[in-house]
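Please consult the sequence and the structure alongside the text.

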Amino acid sequence: MIVYLRPFVILAYLWRLPWFRLRPSRQRVRLVILVSLFTLLFVFTASTLVWLAERQDAHANIVDLGDAIWWGFSTLATVGYGDYVPVTPLGRTIAVGLMMGGLVVLGVTSATVISALTDQMQRVGQRLEDDRAAAIGRGMASASASTPDRADADAAGGPDSVPS
């Protein structure tokens, strides 16, 4: 049984790779890779456990590992065609765990995408504000260097002066 859990150790080593620690965007890549690998291992492990629980039952329709893996992915994707269903209490308990895990995977994936989009929008907004402030600063600097003060223009009867 422990043999099935060994691949999950690989996931722990992803947290230790220094390349992923440099920027937030790389941390998101690490999270996407981690969630993807965890999902594959989770479905494979749950499917295998359901197959082991179901294969000896007379009423079971999940009788080989291929059917169990198909059932696992369709369950995780919340499609649930109903062509394969566990019938034993242990198989159904594992199925509930897989369903709950599917909701968590979808939630983490959605949150990661939304977080990346929000950060990108904030960077674009900050860049636009910086560009606008720089343009206003350049405009004020060039206007004050090329035209005399307002009081001098009014006294001289310049083009900006308003007749009284």
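A nonpolar core is a set of buried Ala, Val, Leu, Ile, Met, Phe, Trp, Tyr and Cys residues joined through side-chain atoms within 4.5 Å. Buried means under 20% relative accessible area, exposed means over 50%, and partly exposed lies in between (1.4 Å probe, protein chains only).

The model is predicted: local features need pLDDT of at least 70, side-chain atom pairs count only at pLDDT 80 or more, and totals for chains, interfaces and linings use all residues. Residues are numbered from 1 along each chain as its sequence is written, and side-chain values use heavy atoms, with hydrogens and water left out.

**Overall fold**

The protein has 6 helices and 0 strands, in the order α-α-α-α-α-α along the sequence. Helices (H or I, at least four residues) and strands (E, at least two) are DSSP runs numbered from the N terminus. Of the 164 residues, 24% count as buried. The accessible surface (Shrake-Rupley method, 1.4 Å probe; for residues, only the protein chains shown count as cover) comes to about 11300 Å², and 66% of this area belongs to carbon and sulfur atoms.

**Interior**

The largest nonpolar core has 11 residues: Val43, Ala46, Val50, Trp51, Ile62, Ala68, Trp71, Leu76, Ile94, Ala95 and Leu98. Two or more residues of this core come from each of α3, α4 (65-76) and α5 (89-146). Helix α3 supplies the largest share, 4 residues. Beyond its neighbours within four places in sequence, Trp51 is in contact (heavy atoms within 4.5 Å) with Ile62, Val63, Asp64, Leu65 and Ala68.

**Surface and helix α3**

Val29, Ile33, Leu37, Leu40 and Phe73 form a nonpolar surface patch with about 380 Å² of accessible area together. Patches are made of residues with over 30% relative accessible area and no salt bridge, like charges being joined within 9 Å and nonpolar side chains (Val, Leu, Ile, Met, Phe, Trp, Tyr) within 5 Å. A salt bridge is a side-chain nitrogen of Lys or Arg within 4 Å of a carboxyl oxygen of Asp or Glu. Helix α3 (residues 24-54) gives the most to this patch, with 4 residues.

A polar atom of the Thr45 side chain lies 2.8 Å from the backbone oxygen of Leu41.

Technical notes
A polar contact is a pair of N or O atoms within 3.5 Å; within protein, one must be able to donate a hydrogen and the other to accept it, and residues adjacent in sequence count only if both atoms are side-chain atoms.
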